[in-house]
Amino acid sequence: MTAEHSESSPLVRIRSLLPGLARAEQRVAKVVLESPSTVARRSITEVAEAAGTSETTVTRFCKAIGVGGYPELRIALAADTARSEAHADRDLGGDINPDDDLKTVVGKVTFADSRAVEETADQLDIDVLAEVVSAVANAGRVDVYGVGASAFVALDLQQKLHRIGRVSFAWNDTHIMLTSAAVLKPGDVAVAISHTGATADTVEALRVAREHGATTVALTNYPTSPIAEVADLVLTTAARETTFRSGATASRIAQLTVVDCLFIGVAQRHLDETIKALDSTRDAVGPHRLETRHDGRRKPRDTGK
């Protein structure tokens, strides 16, 4: 693997790059993803035959995912298999089946969420994250775009930034996203969130923001997706798709993990201001919380009698 991805799972890298690979290379990728431990023991000829392609294509596939060649891929897959076996007692598989009982569903969901967080952390480019932190910390204004499930993540980032005194807005309506992007300028930052990186409305808003001089940031699971083409900086997640992917479960958890890291990084840059802002906002909402006892029960109201 390249230095940038040497510590992350090769399977994470393959899944993230899959949509951008050539068709023949995608067939190789699917063979690898279906049984990485088997591929780790196979020759390049056997893998090429299983994928219905040539050895040359297998070699191109290795280079496309950042591996020097097939021998290096086998080593990386063998190491990843060993790591997976260490978690064998927890690995419940990705797909939720119609006949799974609720206990099994809970196990599979929590496993998928925890793996999404772990794998996202393993492959997150810290240098790029540091650039995004600097851009956001010094921005005059930060606009965040996302539709569907990504809109909730956008709102979470906006709320966090707003609470520490950063001027930030979150938009999920196409027309409002575009008008927001059109009034951004150099020194401002636009953050677009899209798991697939192919949500047309979000991509278009980020493109307009870039045209007007704003620093553009994309948060996506696929670094070669269309949204990356209009982003100055790309942050990636590592969430696996499952039967209930349409529910945006693990992908949302992975996105929120990156948002939390970004928020803490920005907060550290303005620590004194951050502490004051957090204290002020906590005091502002304090009167709207019901008082509770140590056992969690609500305290009786003081009637003054």
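Which residue in S4 is the bridge partner of Val-189? Let us walk through the model to find out.

First, some ground rules. This is a predicted model, in which local features need a pLDDT of at least 70 and side-chain atom pairs count only at pLDDT 80 or more, while totals for chains, interfaces and linings use all residues. Residues are numbered from 1 along each chain as its sequence is written, and side-chain values use heavy atoms, with hydrogens and water left out. The pLDDT is the predictor's confidence in each residue, from 0 to 100. The protein averages 87 on this scale, and 87% of the residues score at least 70. Over residues 1–6 the pLDDT is below 50, and this stretch has ten contacts (heavy atoms within 4.5 Å) beyond near neighbours in sequence.

Now to the sheet. Helices (H or I, at least four residues) and strands (E, at least two) are DSSP runs, numbered from the N terminus, and two strands pair if DSSP finds at least two bridges between them. Five strands form an open sheet in the order S2-S1-S3-S4-S5, with parallel pairing. Strand S2 (168–171) and S5 stand at the edges, each with a single partner strand, so one side of each has no neighbour in the sheet.

Strand S3 (residues 189–193) pairs with S4 in the parallel sense over five bridges. Here is the answer to the opening question: the bridge partner of Val-189 in S4 is Thr-215. Between S3 and S4 the chain passes through helix H11 (residues 200–211), and this β-α-β crossover is right-handed, meaning that the path from the first strand over the helix to the second runs clockwise with the strands pointing away from the viewer.

Ala-218 in S4 stands opposite Ala-192 and also opposite Val-234 in S5. Four bridges join S4 to strand S5 (residues 233–236), and these two run parallel.

Finally, turn to helix H9 (residues 149–163), which has 15 residues. Its buried residues include Val-153, Leu-157 and Leu-161. Among the elements that cover the buried residues of H9 are helix H8 (126–137), S1, S2, S3 and helix H12 (250–269). Just after H9, Gly-165 takes a positive phi of about 85 degrees.

Technical notes:
Expected span 1.5 Å × (residues − 1). Buried < 20%, exposed > 50% of the residue type's maximum accessible area, 1.4 Å probe, protein only.
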